[in-house]
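User: Could you walk me through how to read the features of this model? I would like the general idea first and then the case at hand.

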Amino acid sequence: MRRLALLLVLLTATLPALAQDRRADEHSYAQPDKVRITDLGLDLQVDFAKRQLAGTATLTLAWADEDQRDLVLDTRDLSIASVEARNGSRKWRAVDFELAPRDERFGSKLTITLPRQYEQVRIAYATSPQASGLQWLAPTMTAGGKTPFMFSQSQAIHARSWVPLQDTPSVRYTYTARVRTPADVMALMSADNDPAAARDGDYTFRMPQPISSYLMAIAAGDLVFKPISARAGVWAEPATVDKAVKEFEDTEKMIEVTESLYGPYRWERYDLLILPPSFPFGGMENPRLSFITPTVIAGDKSLVSLIAHELAHSWSGNLVTNASWKDMWLNEGFTSYVENRIVEALYGKERADMEFVNSRNGLKADLADIPAEQQVLMLPPRTGSDPEDALGSIAYDKGAWFLQFLEQRFGREAFDPFLRSWFDTHAFQSVSTEQFVAFLRSELIAKNPSAITEAELTEWLSSPGIPAFAPQTVSPRFAAVDAVREAWVKRRTAARELKTAEWTTQEWVYFLEGLPASLDPERLVELDQVFRFTGTANGEIAQRWYPLTVRSEYFEARPAMSLFLRKIGRRKLIMPTYEALVQTADGLAFASQIYLMAKPGYHPITSASVEALLAKAKAASAQ
Ligand SMILES: [Zn+2]
């Protein structure tokens, strides 16, 4: 995922004590050491009026412990109608089950008591309209305005809100599904979507490669397909599909570049699904069908590193998967590194360096708010309280930085084949940091023992902050931006005379981030008259400009800011403005007002973040 920030709640948990193995998952009730799901068969009806998925989930089981009789599954807000079991193709027989009281973070443990070790279990169930992993959009909230829309977001532990299963990345299984919708609605899954499928309201899917539960995905709406290449294309609402195909036309080239570096793409098709603006994230790497925010359709391909990121997950994350979320850097750090290599190969080193510098500046800014014990790549189990986005930037940007360090010390000629071999030898497996370190020692360090020291390795994995010996990326183009900014801030050059004609989004982001925390409102008026930041369609610029207008008390920006916060539900883009607003009583009132209007269009994940922020600010102001 791009900028995941929902692990906040996961790490404060209290679940039964687990073995010391880093592969153990504190965030699931499942007992995969005793019995595992190997295949899932879904038969679901999509009911837009009830905001509900209802049907059956058939689980095929592999028993590892001969004394085990219970099957423990994760669920959240599911109504369970019945559970049956069988062997082979014999008759189903009803079995006992118990749904534990709901835990705020983990949902309800479902314990199925079996008289013997059955091969299959079938659960009849329905989801709640408030399912944390699903969003239901009325037709008015779509681009076309005529057809309702629904989509899932399962990472990290939301799959359990729409399928009863072992909701842990340490378990992999194949799946098939039959999905019924109203006849004019198209359904898609993280599976073998057929670009030529007839729209008839009855769809079947197959995912023959074993995946983890957080990669379960479903979407339904007025969706049409246009190809980019023979194996890649775009699914989107009719109003959006052409713009998206143009913006993301380099997708096939991205696949080819990644294959040349890290081996064949193993998932057959690679399609993009463009979601409505309420999608809470930048993208989600659902296998064969990345879910993508429309906020990266900038018109100039300046934000397509998001596609590089989601595609890179086809190797790091989907193919080789962190066995538990405390090793999330194995997914996101690797992916952020590979993303940058794809950008470098396609758009050049200058652009790749600018992107590294911007993301590292974000990381450095975040470090101030992250407790030291959470600034490590190899997180201890069950630490801390509310790491929020900050935890993300450690896994993503510090993780990528560590890999760039290894690349520079060992040289690309050794490091690139090493990484390819990591993906090849661990394909379709769930892994821990310990496994990576063992592989690093045997495959890279053993061949060139003087390239890094043991102390350096330990500091990267287990010390807070960024090592002093981390490689520094410099960008000459950003040096030019520094000069332009300084000339304006010191009033040597007026905004209309600044040389910015060739700037890309990356340079504007760097320009805005380097401005003083607040300015006289008339100075923002001057910038706005020339560059028209207020009302910009570019979310990367908006997310930096609006907080600056708040801190500078440039109230003229408020109507456009309010529109932006109501239209967009992607958390990375809107949270900085909410955070700036809640610093003052007047801003808090304004933010609360906007949120009331925006809430019906927000995803449950976004609503939860904004509500938590507002509640905290209100509690602080009441003291
Ligand atoms: Zn990601």
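Analyst: Gladly. Let's begin with a cut-off: a residue is called buried when its relative accessible area is under 20%, exposed when it is over 50%, and partly exposed in between. Please keep in mind that this is a predicted model.

User: Thanks. Is Asn538 buried or exposed, then?

Analyst: Asn538 has a relative accessibility of 12%, so it counts as buried. Asn538 sits in the loop between helix H12 (521–531) and helix H13 (539–551). Setting aside residues up to four places away in sequence, Asn538 touches Ala298, Leu303 and Thr505.

User: What about a residue inside a helix, such as Ala580 in H15?

Analyst: Helix H15 covers residues 571–581, and Ala580 is part of it. Ala580 has a relative accessible area of 12%, so it is buried as well. Beyond its neighbours within four places in sequence, Ala580 is in contact with Pro547 and Val550.

User: How far apart are Ala580 and Thr147 in space?

Analyst: Their C-alpha atoms are 36 Å apart, and 433 residues separate Ala580 from Thr147 in sequence.

User: Let's turn to the backbone. What should I expect before I look for exceptions?

Analyst: The general idea is that most residues other than glycine have a negative phi, and most peptide bonds are trans.

User: Which peptide bond is cis here?

Analyst: The bond from Gln155 to Ala156 is cis, with omega near 0°. Ala156 belongs to the loop between strand S10 (149–152) and strand S11 (173–180).

User: And where is a positive phi found in a residue other than glycine?

Analyst: Arg288 is one case, with phi near 70°. Arg288 lies in the loop between strand S18 (283–284) and strand S19 (289–292). Another case is Arg491, which is not a glycine either and has a positive phi of about 60°. Arg491 is placed in the loop between helix H10 (476–489) and helix H11 (505–513).

User: Are these two arginines buried or exposed?

Analyst: Apply the cut-offs to each. Arg288 has a relative accessible area of 5%, so it is buried. Arg491 has 52%, so it is exposed.

User: Now salt bridges, please. What distance counts, and how many are there?

Analyst: A side-chain nitrogen of Lys or Arg has to be within 4 Å of a carboxyl oxygen of Asp or Glu. By that rule, the whole structure holds 42 salt bridges.

User: Can you show me some of them and how accessible the partners are?

Analyst: Of course; let's take a few pairs in turn.
- Asp271 and Arg269 form a salt bridge with an N to O distance of 2.8 Å. Asp271 is buried because its relative accessible area is 1%, and Arg269 is buried at 18%.
- Glu407 pairs with Arg412 in a salt bridge at 3.2 Å, N to O. Glu407 is buried, since its relative accessibility is 9%, whereas Arg412 is partly exposed at 29%.
- Glu443 and Lys447 make a salt bridge in which the closest N and O atoms are 3.7 Å apart. Glu443 is partly exposed at 30%, while Lys447 is exposed at 62%.

There is also a network: salt bridges with shared partners link Lys246, Glu249, Asp250, Lys253 and Lys301.

User: Finally, how do I read the overall shape?

Analyst: One approach is to compare the radius of gyration with that of a compact globule. For 623 residues such a globule would have a value near 25 Å, and the protein has 24 Å, so the two agree. The C-alpha trace spans about 85 × 60 × 60 Å along the principal axes.

Terms used
Residues are numbered from 1 along each chain as its sequence is written. This is a predicted model: local features need pLDDT of at least 70, side-chain atom pairs count only at pLDDT 80 or more; totals for chains, interfaces and linings use all residues. Side-chain values use heavy atoms; hydrogens and water are left out. Helices (H or I, at least four residues) and strands (E, at least two) are DSSP runs, numbered from the N terminus. Buried means under 20% relative accessible area, exposed over 50%, partly exposed in between (1.4 Å probe, protein chains only). The radius of gyration is taken over C-alpha atoms; the globule rule is 2.2 Å times the number of residues to the power 0.38. Contact means heavy atoms within 4.5 Å.
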